[in-house]
Amino acid sequence: MTALFIITGLVINQIFSYAWFSDNMEDKQEQVMNCRSKGRLLALHVFGMGIFLRYYHLLRQGYRVVWRASSSDNANFQERHHELFCMATDLSMLKLFESFLESAPQLLLQLYIWQGHDEWFILQYLSLVFSFFNLAWSLVDYRSCLRRSLPYIRGLPSGPPTVVYLLYKLFTITSLTLSYSLLLTLSVYTTVGLTVFWLLGTIWAHLLQTNFCTSTALELLYRGIIGAILVFSFFNVKGQNTKLEMIIYYFSCTAINVSTPLMLFFLKPELKAIIFFWSVSGLIYGGSLLGLVSLVWYYHFLHPKRSDPDEVDGLGKESPSVRRIRTFIKP
């Protein structure tokens, strides 16, 4: 299953990376990175080199912008600077796919396996903490890149807003994932419930008629990915006002977090003698409470005010990169 998660994340990342490169090439009528044909570009992605290609392209373009800044006019420099942030946001999107298609399921699987052992080592605890932090930070990184790459949206302020947003995602994802792991300990048929949760997220994205991709097949795949992400964390799927949907989502998550330790307490009384059960239950209740407090604190006091309409149209000709970023899910 670990290998399956790794392969799934890798393949989906390469598919979207190649599709985005193709869109950019068609828009500019030029070959990216001196790849003289789509065949060579496809070959690089078949061998899993798409992400490395993007990093190389970003570093190369960044070097050119920095060293040519003094000889370029301000308008040209601003345009190149914006292109760099669009490229960085593309990479951040792909990292987000990897986090929730590969890292999050692997983390849940490892939690399920480790709960079957009586002893845990300090390295395992550190690994879990780092994994949860990595998931939360991927969201902060993507949100920061997203807001800086769209000219009509204010950037995410550093300092308290970033810290509180990180804590909000860290606590909510941690508590929900730990609840899932306890439910899997109770019954492996919990996977059926997780599948239903994924289907509901996918259907919601379908009902919203997302328009992220240029082809129908990729759009359907993208909606399936949204469903997988929503299993672990809430996202604004289409840039609209989703206050009601967010309330329903986190009400459901809170119900899961509150009921899961109680179910194990009564249905598996032998766990009451295990310190691990009490520790995880404390993390679930504490993380759920702190996550909700951080959520309310962030959106009530620290969230940048919207200066854009729910769906931005009529902005003139957009590059494929900007159109992708504008229509991608909003954390």
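Trainee: How far apart are the end C-alpha atoms of residues 220-235?
Mentor: They lie 17 Å apart, and the span is 69% helix and 0% strand. Keep in mind that this is a predicted model.

Trainee: And what about residues 188-208?
Mentor: There the end C-alpha atoms are 32 Å apart, with 86% helix and 0% strand.

Trainee: Which feature does UniProt place at those residues?
Mentor: An unreviewed UniProt entry lists "transmembrane region" there, and its other spans include 41-59 and 247-267.

Trainee: Switching to α9, how many residues does that helix have?
Mentor: Helix α9 covers residues 243-267, so to speak 25 residues. From its first C-alpha to its last it reaches 35 Å, close to the expected 36 Å.

Trainee: Where does α9 bend?
Mentor: At serine 259, by about 25°. Proline 261 follows within four residues.

Trainee: Which residues of α9 are buried?
Mentor: Among them are Tyr249, Tyr250, Cys253 and Pro261.

Trainee: New topic: is cysteine 86 buried or exposed?
Mentor: Cysteine 86 is buried, because its relative accessible area is 4%, under the 20% cut-off. Cysteine 145 counts as buried too, at 13%.

Trainee: How many disulfides are there?
Mentor: The count comes to 0 disulfides.

Trainee: Last one, what pLDDT does the chain average?
Mentor: It averages 82, and 80% of the residues score at least 70. Over residues 31-35, though, the pLDDT is below 50. Residues 307-316 are also below 50, and beyond near neighbours in sequence that stretch has 14 contacts in the model.

Terms used:
Residues numbered from 1 in each chain as written. Predicted model: local features only at pLDDT ≥ 70, side-chain atom pairs only at ≥ 80, totals over all residues. Heavy atoms only, no water. pLDDT = per-residue confidence, 0-100. Contact = heavy atoms within 4.5 Å. Helix = DSSP H or I, 4+ residues; strand = E, 2+ residues; numbered from the N terminus. Expected span 1.5 Å × (residues − 1). Bend = angle between axes of the 7 residues up to and from the residue. Buried < 20%, exposed > 50% of the residue type's maximum accessible area, 1.4 Å probe, protein only. UniProt positions renumbered as here; feature names shortened; annotations may be inferred. Disulfide = S-S within 2.5 Å.
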